[in-house]
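I opened my notebook for a quick look around this model. Here is what I looked up, entry by entry.

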Amino acid sequence: MDQDTRSKNLFILTELVKKGIKLKYRRSYLGILWSLFEPLLTMIVLTIVFGTLLGYNEKTFPVYILSGRLLYSFFSQSTTAALKSIRANAAMIRKVYVPKLLYPLSGILFNFIIFLISLVVLAAVAIILGIYPTVYLLLAVIPLTVLLLLSLGVGVILSTVGVFFRDMEYLWNVALMLIMYTCAIFYKTARLMGSRWAFVLKLNPLYCVIDNFRSCIFGEPMNLHFLLYSFAFSVISIGLGILFFKKNEDKFILSI
């Protein structure tokens, strides 16, 4: 790929990302501010409900919930956007040649930008509740990078499957619900980790990412095993996803 082609593709990707952000908040009075208010309101509800039901009275419990909720929401929204990306841009694909991989990629990147903005809420809540930055916070970029890679890998795979199997959208919604409950968003894992069901969490790469991100927030060292596993899972997913996508992209036009 020559320099002109790379520049052209980068320009197209940038425009697709801008388009995705504009469409997400089209006809919304709050616009991008909703990406700040929504996780805050969700955190308050989950803290009240699960803090009461499960007896979590720690002052920092809202930060525990919000950190997990933000990362899961990004993964959920970005992979869903990637899943629908080829069909959503069917008209453009039929008329103009654009590298098709840019569509799921843009769906993930514009959600990542919104996710990074929403981290402002997490920072504010953490400081208000007495959790101040430590040297470990500098390492938070590592689980966030792994999160992006994981979403890219899973998203590209889903974007291909979604073209040929329309029911994947419904199945993925069910899968996301199961993933959410195994991400420990609103419950502590101490007792579960000591049981025979600990493998359910450990096999979930998203939980591994969330756990390490929380460690950075709360000033604790990351779990190296979780980090290596989630990174390896993400890289393998990207490799398989691109291979699967490239092998089938010429058939997309027949199914969209």
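**Entry 1: a loop phenylalanine**

I started at phenylalanine 186, which sits in the loop that joins helix 7 (168-181) to helix 8 (190-193). Helices here are DSSP runs of H or I with at least four residues, strands are runs of E with at least two, and both are numbered from the N terminus. Before going on, I noted that this is a predicted model, where local features need pLDDT of at least 70, side-chain atom pairs count only at pLDDT 80 or more, and totals for chains, interfaces and linings use all residues. I also noted that residues are numbered from 1 along each chain as its sequence is written, and that side-chain values use heavy atoms, with hydrogens and water left out.

Is phenylalanine 186 buried or exposed? I found phenylalanine 186 buried, at a relative accessible area of 9%. For these labels, buried is under 20% relative accessible area, exposed is over 50%, and partly exposed is in between, with a 1.4 Å probe and protein chains only. Leaving aside residues up to four places away in sequence, I listed what phenylalanine 186 touches: Phe50, Leu54, Tyr56, Phe61, Ile65 and Tyr181. A contact means heavy atoms within 4.5 Å. I also checked leucine 46, which is 140 residues from phenylalanine 186 along the chain, and their C-alpha atoms are separated by 7.0 Å.

Alanine 184 counts as buried, because its relative accessibility is 0%.

**Entry 2: helix 2**

Leucine 46 took me to helix 2 (residues 34-53), where it is one of the buried residues, along with Ser35, Pro39, Thr42, Met43, Thr47, Phe50 and Gly51. Helix 3 and helix 5 (102-128) are included in what covers them. The 20 residues of helix 2 reach 28 Å from first C-alpha to last, close to the 28 Å expected at 1.5 Å a residue. The expected span is 1.5 Å times one less than the number of residues. Just after helix 2, I saw glycine 55 with a positive phi of about 75 degrees.

**Entry 3: helix 10**

How many of the 13 residues of helix 10 are buried? Twelve are, so helix 10 is largely enclosed by the rest of the structure. Among them I noted Asn212, Arg214 and Ser215, as well as Cys208 and Cys216. Helix 10 covers residues 205-217, and its end C-alpha atoms are 19 Å apart, which agrees with the 18 Å it should span.

**Entry 4: alanine 88**

Alanine 88 is in helix 3 (residues 61-88). Alanine 88 counts as exposed, because its relative accessibility is 63%. Its C-alpha is 9.0 Å from that of isoleucine 256, 168 residues apart along the chain.

**Entry 5: the whole chain**

I finished by zooming out, and counted eleven helices and zero strands in the chain. The radius of gyration is 19 Å, close to the 18 Å that the globule rule gives for 256 residues, so the chain is as compact as a globular protein of that length. That radius is taken over C-alpha atoms, and the rule is 2.2 Å times the number of residues to the power 0.38. Of the 256 residues, 47% count as buried. Of the contacts with a separation of 6 or more, 79% come from residues 24 or more positions apart.
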